Amino acid sequence: MKSIWEMDAPIGLVFFFGPALIIGIMMLISGFNTVSAIMVLVLVLCGLKYMHTSIIGKYRIMKSIVNSIHLKKDSKILDAGCGHGAFMLQFNRKAANISEIIGIDIWSNKDQGSNSIAATQKIMENSNLADKVKLKTANSLNMPFNDNEFDLIVSSLVLHNIKPFEKRKAALVNIARVQKQKGQLVIMDIGYETSKYVRILKDLGYQNVNIANTGYNGWWGTPMVPTFVITATK
């Protein structure tokens, strides 16, 4: 579990708690109103669910994903958009099969609170992966890696932040470039045009492309903003 100060897109809470506060103030001025009270309750519950997904639910999803991954010996892993290293930390128990795990990020505090390469480095130093992790400042559109370099690539809650869609497509092309043949790919993202990724990955030569809704743990406030996981092999 992470700190509330390290939440994903903390600005998202404004969309729930902001209107709830405004409606609450209006009720204090004009008097109690049942409909307004229900609206405040719903908004607060949605905000709390958003927080739950960011500091608890997301970790449960990642743990489940990593538990299902079979790593061959001396695997080289890329976390494209690693943030505070949440996904990388899930590989703690599989460190013996990892030769190197590289995390890249643009270290944006808008996308994740208190996000910095120094903060993530400190977190990783206290893990079983300390001597295997390398952090770099880079984005998925221009990764400083050779072709066919990684056995496993993971990307968590990153692609939806890349706009417009054509740039998201370019990011997937670049991910495919650095992925080894027979390598594994895992994309965890908010369900915004996520189904389009499936078609693109198939065009890029990936096989066994599957998409799954992660359910309650992946709801960003409401079921209308779910988290999906796409898995594929090249």
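Which residue in E5 is the bridge partner of Val154? It is Val186. Before going further: this is a predicted model.

That residue pair belongs to the pairing of strand E4, residues 150–156, with strand E5, residues 179–190. The two strands are parallel, and six bridges connect them. Between E4 and E5 the chain passes through helix H5, residues 165–178, and this β-α-β crossover is right-handed.

The peptide bond from Lys163 to Pro164 is cis, with omega near 0°. Pro164 sits in the loop between E4 and H5.

Back to E5, which also pairs with strand E7, residues 227–233. Here the sense is antiparallel, with seven bridges. Val186 comes up again: in E7 it stands opposite Thr231.

Next, phi angles. Lys182 is in strand E5, and its phi is near 70°, positive although the residue is not glycine. Is Lys182 buried or exposed? Its relative accessibility is 77%, over the 50% cut-off, so Lys182 counts as exposed.

Asp74 is another non-glycine residue with positive phi, about 65°. Asp74 is found in the loop between helix H2, residues 34–68, and strand E1, residues 75–80. Asp74 has 48% relative accessibility, which falls between the 20% and 50% cut-offs, so it counts as partly exposed.

Definitions and conventions. Residues numbered from 1 in each chain as written. Predicted model: local features only at pLDDT ≥ 70, side-chain atom pairs only at ≥ 80, totals over all residues. Heavy atoms only, no water. Pairing = 2+ DSSP bridges. Helix = DSSP H or I, 4+ residues; strand = E, 2+ residues; numbered from the N terminus. Right-handed = clockwise from strand over helix to strand, strands pointing away. Buried < 20%, exposed > 50% of the residue type's maximum accessible area, 1.4 Å probe, protein only.
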